[in-house]
Amino acid sequence: MDYLTLLQILDSTLRLATPLLLACLAGLFSERGGIFDIGLEGKMLAAAFFSAATAAMTGSVWLGLLAGIASSMALSGLHGLASITFRGNQLISGVAINFLASGLTVLIAQSWFQQGGRTPSLIGGGRFEEVTLPFADALRDVPVFGPFYAEVISGHTILVYVALLCVPLSWYILFRTRFGLRLRAVGENPAAVDTAGVSVIGLRFAAVGICGLLCGIAGAYLSTGLGAGFVKEMSAGRGFIALAALIFAKWRPWYALYATLLFGFLQAIALRPDVLESMLQFKIQVQLLDALPYILTVVILAGFVGKAIPPRAGGEPYVKER
């Protein structure tokens, strides 16, 4: 495999890992606050649709992004209402959101656009354009680093860089701020937080709100950055892969980056079977390569990657003692 091919694979890895990273960080905030959320898939799907639909109708990708975030946060509010206010089962609520988003997106898309559950293809200002970083063209001819900077680091949409910046920002918020300390405490011992006079309900709603924001950006990226419109079930299990990456990362932001890059790399390899076949010297079924991220998800969820201990109060509704 030559250097240029490697750079192309790494470039695809970063692009494909971006929605996984955003969804993984979304789940991290929610679960650190004690709210398990398997509805990441549904929120991403809803955000992808409303982002693409709004961008198609207005011609503005930024309005599309806001619409995607709003739809995702609305579903997060629904999940918070069910699991925090009414103390319902968090897993059932998440499953319901996934089914709701799966059905409603196709139904509304068909009603609005009559294209079989799709949105019109996005062009011009309806999509996020690639950003060329400073000196990318000037450094292109510099050996080794120049092509890496020009091909892998530069040339992505702004949401890719937003996702990468969210990693240190999430680490700082969770481990260096009072809000982060309280949020982590709510996920471990909500009674102690309540005793200190801090609102457990308020912190948990803040956690699901942040989760909705990040899922909204992830969904908008799928349809207006990575793709050029919405198609049925375009999230393609990424929400569940993000949950597996979160367990693999042991609920830590930097580990989440590494885990999602691994999944992104497997997806990028699936797009270039010729490269893997030339390295291994035998033919590989494309379907097997496509299944690799999902196989790794099953392996992680089965517990073959070491012990991962979730927040102790995760999944348990908090009942205030009187």
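## Ground rules

The model is predicted, with local features needing pLDDT of at least 70 and side-chain atom pairs counting only at pLDDT 80 or more, while totals for chains, interfaces and linings use all residues. Residues are numbered from 1 along each chain as its sequence is written, and side-chain values use heavy atoms, with hydrogens and water left out.

Helices here are DSSP runs (H or I, at least four residues), numbered from the N terminus. Two packed helices are described by the angle between their axes and the distance between the axes. Those axes are lines fitted to C-alpha atoms over the stretch in contact, and the angles run from 0 to 180 degrees between N-to-C directions.

## H6 against H7

Take H6 (residues 158-176) and H7 (residues 178-188): their axes sit 5 Å apart at an angle of about 75°. That is why the two count as roughly perpendicular (65 to 115 degrees).

From H6, the contact (heavy atoms within 4.5 Å) uses Ile-173, Leu-174 and Phe-175, and from H7 it uses Phe-179, Gly-180, Leu-181, Leu-183 and Arg-184. Sorted by class, that gives six nonpolar, one polar and one charged residues. For these classes, Ala, Val, Leu, Ile, Met, Phe, Trp, Tyr, Cys and Pro are nonpolar, Asp, Glu, Lys and Arg are charged, and the others, Gly among them, are polar.

## H1 against H5

H1 (residues 3-32) packs on H5 (residues 145-153) at about 35°, with the axes 8 Å apart. Their crossing is right-handed (the near helix is turned clockwise from the far one by less than a right angle).

On the H1 side you'll find Tyr-3, Leu-7, Leu-10, Asp-11 and Leu-14, facing Pro-147, Phe-148, Glu-151 and Val-152 of H5. The tally is seven nonpolar, no polar and two charged residues.

## H2 against H10

Leu-40, Glu-41 and Met-44 of H2 meet Arg-238, Gly-239, Phe-240 and Leu-243 of H10. That contact has four nonpolar, one polar and two charged residues.

## The cavity

On a 1 Å grid over the protein atoms alone, a cavity is a set of points where a 1.4 Å probe fits but cannot get out, and lining residues have an atom within 4 Å of a point.

Among the lining residues are Leu-14, Thr-18, Val-160 and Leu-261. H1, H6 and H11 (253-271) each give two or more residues, with H1 giving the most, four. The lining has eight nonpolar, two polar and no charged residues.

Key: Parallel < 35°, antiparallel > 145°, perpendicular 65-115°, else oblique. 1 Å grid on protein atoms, 1.4 Å probe; cavity = no way out; pocket = protein on both sides within 12 Å on 5 of 7 lines; lining within 4 Å.
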